[in-house]
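Here is a friendly walk through one chain, with the model open beside the text. Please keep the viewer at hand as you read.

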Amino acid sequence: MRFQKYSVEILLTTLILVNFFFISLILIPALPSKNDENNPFWVYHTGAGIDSTSSLLDVNNNGYTDVLVGSIDGVLYCIEGKKGTVLWDFNIRKYYYNSEILMRPLIANIDNNGTFEVIIGTRDGSIYVLSSVDGSLIWRFNYEEGGSISIEGGLSITDIDNDQDNDIIVTTTYGLLYVLDGKDGTLLWENKLFFMKSFFTSSSLGDINHDGISDIIVGCGQSIFAFNGYNGSKILEFETNFFVTAPAAIGDVDGDSTLEII
Ligand SMILES: [Ca+2]
Ligand SMILES: [Ca+2]
Ligand SMILES: [Ca+2]
Ligand SMILES: [Ca+2]
């Protein structure tokens, strides 16, 4: 029995070592061949820190995915994925001197023209829609020039008024929710829902009340809310036991044709 126990242990140890060897074979070629851990594939230094995730898109259609990232220096960078060189950049401080980009750039074909746009919200509460091809400005919306609201992760895209053009749903600090027409940045509606609470995540979308219009599901403080996509009025509130810091998942998990919020 003792012999059998040791045999099993030796067999398990051998299997683990063999697995590790093959996993190593798979992983090692993915690492840079001539760099060590202190020298990644390429490094690009923006003018200040980066407070958000990057987004990926093959901007110049050369088969290599490029990197879009916003920085606290107020610049959105489009960096060529293979070499780490700047393809284009866009400085929001031409429009407001003290602003920062704190959110991940959103990529969408918002005007249905065959190319993608890059959408960012900024610390001064502005929304910028740029061409992904060259970073040129398509439109800008500022809720309140020099105001205190900040956009820190709160953009979602859907056609909320069913006119076949995508719209942008914006959640901000100080509990403001508003919707812009994706074509030209016209304000479709706004709702100042809270003063002391802030939205720090993007919203999720689903037709909660079955009226054919997407509704807006988003956490704020220690609650999850659903707001009517038609006008922003509150449909429901569910209290959680901690601050909501991530977007909700929406789906019909029990097959009753009504959406659940997870
Ligand atoms: Ca590319
Ligand atoms: Ca487009
Ligand atoms: Ca629309
Ligand atoms: Ca609805």
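How many bridges join strand S2 to strand S3? There are 4 of them, linking residues 66–70 with residues 75–79 in an antiparallel run.

## Before you start

This is a predicted model, in which local features need pLDDT of at least 70, side-chain atom pairs count only at pLDDT 80 or more, and totals for chains, interfaces and linings use all residues. Residues are numbered from 1 along each chain as its sequence is written, while chains are lettered from A and ligands numbered from 1 in the order in which they are written.

## The chain overall

The chain holds 1 helix and 18 strands; helices (H or I, at least four residues) and strands (E, at least two) are DSSP runs, numbered from the N terminus. Of its 262 residues, 31% are buried, a term for residues with 20 or more other C-beta atoms, placed from the backbone, within 10 Å of their own.

## The sheet from S1 to S4

Strands pair here if DSSP finds at least two bridges between them. An open, antiparallel sheet has the order S1-S2-S3-S4. Strand S1 (55–57) and strand S4 (86–91) are at its edges with a single partner strand each, so one side of each has no neighbour in the sheet.

Another open sheet of 4 strands runs S13-S14-S15-S16, with antiparallel pairing.

## The nonpolar core

A nonpolar core is a set of buried Ala, Val, Leu, Ile, Met, Phe, Trp, Tyr and Cys residues joined through C-beta atoms within 7 Å. The largest one has 47 residues, and those with the most contacts inside it include Leu76, Ile127, Val170 and Ile216. Strand S11 (residues 176–181) gives the most to this core, with 5 residues.

Leaving aside residues up to four places away in sequence, valine 170 touches several residues, among them Ile127, Tyr178 and Leu180; such contacts have C-beta atoms, placed from the backbone, within 7 Å.

Technical notes: Buried ≥ 20, exposed ≤ 12 C-beta atoms within 10 Å, placed from the backbone. Contact = placed C-beta atoms within 7 Å.
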